[in-house]
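Try each task before you read its solution.

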Amino acid sequence: MMLSQTARIFVANMDDFPGKLSDYIITTDSDLWPLKKEHFIQPEGSNRPLTLVHSQCCGPFKFDGRNYTMLPMSHVGASAATWKEIVNFNSSVVANDSASILEYLKQVFGERVHRPIIFASEDWYFDQKLISIRVDQWIKRQQEENCTYRVSDQGLSRIDRSSWNPDSIQPSAFQNYYDTHLPLEGFKPAVWESIKPLVLLMYSEGSSQIEWSNAYAKRFHEQFIKWRLRTSK
């Protein structure tokens, strides 16, 4: 299994977690850019402990004879304290390092966790299935009915790398998109050029954000070249 994918669920458990129990943690992917800031901010007066953004995007799955709604890993948000309540329930293992995370997952999914993972196979989604199960269990334990803040992406679209087209999107239509799944190896100059139209839609030409993004991409590529030269010797 992919520990790099599943480890993010257990950040609040880590011995070297640098934050406080009141700090807010939200899962995401490094190649995912959210485009709707308002989707991640609860309305004034709302203080629900769990936020599920775009949680209706995936279909159900069956586990132990029960159907669960598959939550996307990229948009589950809660305080560190609530995360601990969610992931530590009904487990004799406190998952806080690679060995204990593997043991935790073995208790849930069995010996399958020791097998090599094939991309996009059923087991590729261990992390999503686990958090979907634990969130469902956590919600059922709450006495407060309105414990979850949900935001739908209904009527909105994703800009996806499978059909990358930000250069053809008009500024007036940009509000119809909720996030973007970026092309791979975005640090490479040719790929960054294809991403720049998206950045222009997000920020105006000549803005400090545009300048910062271009400078960051340039520095990152320079560091990548230095690393590749060192490791190829």
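**Exercise 1.** Does Trp212 count as buried or exposed, and at what relative accessibility?

*Solution.* Start with the ground rules. This is a predicted model, where local features need pLDDT of at least 70 and side-chain atom pairs count only at pLDDT 80 or more, while totals for chains, interfaces and linings use all residues. Residues are numbered from 1 along each chain as its sequence is written, and side-chain values use heavy atoms, with hydrogens and water left out.

Next, the cut-offs: buried means under 20% relative accessible area, exposed over 50%, and partly exposed in between (1.4 Å probe, protein chains only). Trp212 has 54% relative accessibility, so Trp212 counts as exposed. Tyr216, with a relative accessible area of 41%, is partly exposed.

**Exercise 2.** Work out why the pair of Trp212 and Tyr216 is stacked.

*Solution.* First, the rule: rings of Phe, Tyr and Trp (its six-membered ring) pair if their centres lie within 6.5 Å; planes under 30 degrees apart are stacked, over 60 edge-to-face, and the rest tilted. By this rule there are nine aromatic pairs.

Now the pair in question: the ring centres of Trp212 and Tyr216 are 5.2 Å apart and the planes are at 15°, so the pair is stacked. Being four residues apart in helix H6 (residues 208–231), Trp212 and Tyr216 are separated by about one helical turn. Helices here are DSSP runs (H or I, at least four residues), as are strands (E, at least two), numbered from the N terminus. Trp212 and Tyr216 also belong to one aromatic cluster with Phe187, Phe220, Phe224 and Trp227.

**Exercise 3.** Find the buried residues of helix H2 (residues 80–88), and say what covers them.

*Solution.* Pick them out: Ala80, Thr82, Trp83, Ile86 and Val87 are buried. Looking down the axis of H2, these residues fall within an arc of 155°, so they line one face of the helix. (The arc is that of the directions from the helix axis to the C-beta atoms.)

Then look at the cover, which includes strands S1 (24–26), S3 (50–53) and S6 (76–79), plus helices H3 (98–109) and H4 (126–141).

**Exercise 4.** In what order do the four strands of the open sheet come?

*Solution.* Two strands pair if DSSP finds at least two bridges between them. The order is S1-S6-S3-S7, with mixed pairing. S1 and S7 (148–151) are the edge strands, each pairing on one side only.

**Exercise 5.** Which residues have the most contacts inside the largest nonpolar core?

*Solution.* A nonpolar core is a set of buried Ala, Val, Leu, Ile, Met, Phe, Trp, Tyr and Cys residues joined through side-chain atoms within 4.5 Å. The largest one has 35 residues, and Phe10, Trp83 and Tyr104 have the most contacts inside it. Elements giving two or more residues to this core are S3, S4, S6, H2, H3 and H4. H4 gives the most, with six residues.

Terms used:
Contact = heavy atoms within 4.5 Å.
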